[in-house]
Each structure stands twice: as structure tokens, then as C-alpha cells.
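The sequence and structure are shown first.

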Amino acid sequence: MTGLPTPTRAAPDDEAALIFLIEAAYRRYAQQGLVLPDMTSGLDAEIAAGRIWVTRGQGGLTGFLNLSTAAPSAHLINVGVDPAMRGTGLGGTLIRFAIETARRAGCNRLCLATHPAMSGNLAMYRYLGWQVSSTSQSKVTLELLL
């Protein structure tokens, strides 16, 4: 889809809106009974370190990603979109942005972990070329060679 916002680095005053967005993005999984780790603590430090990127719309934040680019490997720590933006291509835009950012930082691979019950996420990552590197009851680790 065209016209999707370009990610920009989050600012300290984005923290409250970011917490709200993260909670909204993962609410459906919690309602399904998935036990997920806390994804909102430490955001102030992640924002200060420049590892949080956000997209903005007229109503506020629409998407986010948390990306660590410590060459030679990058780690996509978290990514999500506002439930109202599902199906618009914003998630794919954020992931492609993470891939390009990792490449520009000199990384040769990008890793991430997700819950095995998040089948839609797994399908999207595989579609984008990611390979499963390990699995357990509560985590699937994937990597993409850059």
C-alpha cells in the first residue's frame, strides 16, 4: 500500500503513547490466553538509546519497532501496529525498514523471536524470507541473512 508513514526515532515524550500502542497491539493475544513477557518496561532507556522507531498518523502513533543493530547481528526486539492499521501493509513496512536499517549498520543477519501461537506473524516472516533457527514451547527464533 502506498502512503504509509515512514518510521522515525521515538522521542522521550512518546513513551506514554508507545505503552498504550504496545498494549493495544498485543491485547488480542492476551485475550487468547497467551502469556507474553512484559514489553513495556524499560522503554525510556530504549528510546534514549535510539532503538525505538515509530510511525505516526493523524490520531497519534500507528506502529513501532524496537531494533538493536550491534554488528555483526541485529535483533528485532519488538514490532507492532495499531489494531486499526492491521492489513494495511504497515507491519511489512516496519519490518522492511528494520532490514534496511540493519544492513546500513553493517549487520549481516537479523534475528527475532516470537511466540509459536502467533501463526500470522510466523507466516509473514517466512514470506519475507526469514528462516526458523530454533523452536520451543514458548518461542520460535528466526533469522534473516542480510
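In this predicted model, a search of the whole structure finds three aromatic pairs. Two of them are set out below, since a pair of aromatic rings is described by the distance of the centres and the angle of the planes.

| Pair | Centre to centre | Angle between planes | Class |
|---|---|---|---|
| W53 and F97 | 4.8 Å | 65 degrees | edge-to-face |
| Y125 and W130 | 5.6 Å | 65 degrees | edge-to-face |

W53 belongs to strand β2 (residues 52–57) and F97 to helix α3 (residues 90–104), so their pairing ties together parts that lie 44 residues apart in sequence. Both W53 and F97 are buried. In the other tabulated pair, Y125 has a relative accessibility of 5% and therefore counts as buried; W130, at 1%, likewise counts as buried.

Helix α1 comprises 17 residues (residues 15–31); at 1.5 Å a residue it should span 24 Å, and because its end C-alpha atoms are 24 Å apart, the model agrees with that expectation.

Which residues of α1 are buried? They are L18, L21, I22, A24, A25, Y26 and Y29. An α-helix has 3.6 residues a turn, so residues three or four places apart point the same way. The buried residues of α1 pack against α2 (43–48), β2, β3 (60–70), β4 (73–81) and α4 (119–127). Just after α1, G33 adopts a positive phi of about 90 degrees.

Definitions and conventions. Residues numbered from 1 in each chain as written. Predicted model: local features only at pLDDT ≥ 70, side-chain atom pairs only at ≥ 80, totals over all residues. Heavy atoms only, no water. Phe/Tyr/Trp six-rings, centres within 6.5 Å; stacked < 30°, edge-to-face > 60°. Helix = DSSP H or I, 4+ residues; strand = E, 2+ residues; numbered from the N terminus. Buried < 20%, exposed > 50% of the residue type's maximum accessible area, 1.4 Å probe, protein only. Expected span 1.5 Å × (residues − 1). Contact = heavy atoms within 4.5 Å.
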